[in-house]
Amino acid sequence: MKAIIFDLDGTLWDTSDTVVEIWNAVLSEKCPRLKMTKEIMSSMMGKNKAGFIDDFFIGIEKSTAEQLIEEIFAREQKHIRQHGAKLYDNVIETLKILKQKYKIAIVSNCQSGYLNSFLEYYNLKELFTDYECAGSSPLSKGENIELVIKRNGFEKAIYVGDTKSDENAAREACIPFVYASYGFGEVESYDCVINSFEEIKVAAENLLKD
């Protein structure tokens, strides 16, 4: 059983404009000394909640930072559940083609409600064999990739992502890493690079061949 496991932000869709707007709405009300920018958000994509707290809320008491980020996450989920976000070109069409030959899954460092909002808004749950995220599992992203592989019996898998943390997670799970160069981050090494989402069809064919 062959599988393609995807990251979410910067790989399947781009929520950065919406997310930055929501962050700044909350910060202006509760912590006006801080401001989120698209550049900062792009540099932090791939981090889990603890990473955002450590790297963005510098000098803010941890309990206060946790309250702020929980409110931000709740507003994000509500907005995305109602309005969606920007899918990269040909994502749904390509996923449907991949589903005919491979099992497909998602492993992300996002909160659980965020991932569910993505699946529900675009009615994609039936396309994915499994999904896991930092909001539901205390494991690292690499460990969550291993978890998804093990519980579904995937015999061969690749991971597709756009950041250094995605690269590290794939290496931790000992599977090939496909770098989505159209996303937010930069990486040091990869087994294959795709410059648009639909290129994953050829990448998977090469990396998952017998």
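Leaving aside its neighbours within four places in sequence, with which residues is Ser 16 in contact? The answer is given under the second heading.

## Basis of the report

The model is predicted: local features need pLDDT of at least 70, side-chain atom pairs count only at pLDDT 80 or more, and totals for chains, interfaces and linings use all residues. Residues are numbered from 1 along each chain as its sequence is written, and side-chain values use heavy atoms, with hydrogens and water left out.

## Ser 16 in helix α1

Ser 16 belongs to helix α1; helices (H or I, at least four residues) and strands (E, at least two) are DSSP runs, numbered from the N terminus. Leaving aside neighbours within four places in sequence, Ser 16 is in contact (heavy atoms within 4.5 Å) with Lys 38, Met 45 and Phe 184.

Ser 16 has a relative accessible area of 0% and is therefore buried; buried means under 20% relative accessible area, exposed over 50%, and partly exposed in between, with a 1.4 Å probe and protein chains only. Its side chain makes a polar contact with the side chain of Asp 14, at 2.6 Å. A polar contact is a pair of N or O atoms within 3.5 Å; within protein, one must be able to donate a hydrogen and the other to accept it, and residues adjacent in sequence count only if both atoms are side-chain atoms.

Helix α4 spans residues 62-83, 22 residues in number, and reaches 31 Å from its first C-alpha to its last, close to the 32 Å expected at 1.5 Å a residue. That expected span is 1.5 Å times one less than the number of residues. The buried residues of α4 include Ala 65, Ile 72, Phe 73 and Glu 76, and the buried residues of this helix pack against β2 (13-14), α1 (16-30), α3 (49-56) and α6 (112-121). Leu 68, also in α4, is buried, with a relative accessible area of 5%. Not counting residues up to four places away in sequence, Leu 68 touches Val 26, Lys 30, Cys 31 and Phe 57. Just after α4, Gly 84 has a positive phi of about 70°.

In α6, the buried residues are Gly 113, Tyr 114, Leu 115, Ser 117, Phe 118 and Leu 119. Their cover includes β2, α4, β3 (86-87), β4 (103-108) and β5 (130-133). Asn 123, which follows α6, has a positive phi near 55°.

## Nonpolar cores

A nonpolar core is a set of buried Ala, Val, Leu, Ile, Met, Phe, Trp, Tyr and Cys residues joined through side-chain atoms within 4.5 Å. The largest one has 60 residues, of which Ile 4, Phe 6, Trp 23, Phe 57, Phe 118, Phe 128 and Ile 200 touch the most other members. Apart from it lies another core of 17 residues, among them Ile 5, Phe 154, Phe 177 and Val 187.

## The loop residue Asn 195

Asn 195 lies in the loop between β8 (192-194) and α9 (200-207). Not counting residues up to four places away in sequence, Asn 195 touches Ser 181 and Tyr 182. The side chains of Asn 195 and Ser 181 make a polar contact at 2.7 Å.
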